[in-house]
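Okay, everyone, thanks for coming. I'd like to talk through some charge pairs today, so let me put the model up.

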Amino acid sequence: MYKLDINGQKYSVDVAEDTPLLWVLRDHLDLTGTKYGCGIAKCGACTVHINGVASRSCVLPVSVLSNAKIITIEGLSANGDHPVQKAWDDIDVPQCGYCQAGQIMTAAALLSKTPKPSDKKIIEAMDGHICRCGTYHRILDAVKTASRNMK
């Protein structure tokens, strides 16, 4: 039995120690905003925050998370009004939308530590996220917009 702190709520899950966090979120807790992409931490679709750090949940065993604060896309803001989420809407970033939760979580983690990043810093932070629709320029614009609008 593993006790997890996800989006400010406490959960207990009875799973094997090597069960990836992604499957706990999706299959056991019905938090389906975090997506499965590649399963080998290469595409970024499964990104969540672990203690404020953008992390790939598809390769993260639940057994190492007992004292971690986990934030998923569902917990980023109560009403979907985090500055990054608003910028995503303002810039009209998503096409198919599949990678967007992971992209938004990485952008939010970047801006929490570096509120005014350079283009180079944004590109470095977002590197490793694969968008099959190729919306990379709009993602860059959205991160810059969110940076300007953050308090």
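Let's start with a question: is Asp 119 buried, partly exposed or exposed? Asp 119 comes out as partly exposed, with a relative accessible area of 35%. For those labels, buried means under 20% relative accessible area, exposed means over 50%, and partly exposed is in between, using a 1.4 Å probe and protein chains only.

Quick housekeeping. This is a predicted model, where local features need pLDDT of at least 70 and side-chain atom pairs count only at pLDDT 80 or more, while totals for chains, interfaces and linings use all residues. Residues are numbered from 1 along each chain as its sequence is written, and side-chain values use heavy atoms, with hydrogens and water left out.

Side chains of opposite charge can pair when their charged atoms come close. I'm calling it a salt bridge when a side-chain nitrogen of Lys or Arg is within 4 Å of a carboxyl oxygen of Asp or Glu. The structure has 4 of those.

Back to Asp 119: its salt bridge partner is Lys 144, with the closest N and O atoms 3.5 Å apart. Asp 119 sits in helix α4 (residues 119–126) and Lys 144 in helix α5 (residues 136–149), so this pair ties together parts 25 residues apart in sequence. By helix I mean a DSSP run of H or I with at least four residues, by strand a run of E with at least two, numbered from the N terminus. Lys 144 is partly exposed too, at 26% relative accessible area.

Stay in helix α4 for a moment. Glu 124 and Lys 120 both lie there, 4 residues apart, which is about one turn of the helix. Their side chains meet in a salt bridge at 4.0 Å, N to O. Glu 124 is partly exposed at 46% relative accessibility, and Lys 120 counts as exposed at 59%.

Lys 69 and Asp 5 form a salt bridge, 3.2 Å from N to O. Lys 69 is in strand β5 (residues 69–71) and Asp 5 in strand β1 (residues 2–6), so the pair ties together parts 64 residues apart in sequence. Which of these two is buried, and which is exposed? Asp 5 is the buried one, with a relative accessible area of 10%, while Lys 69 is exposed at 51%.
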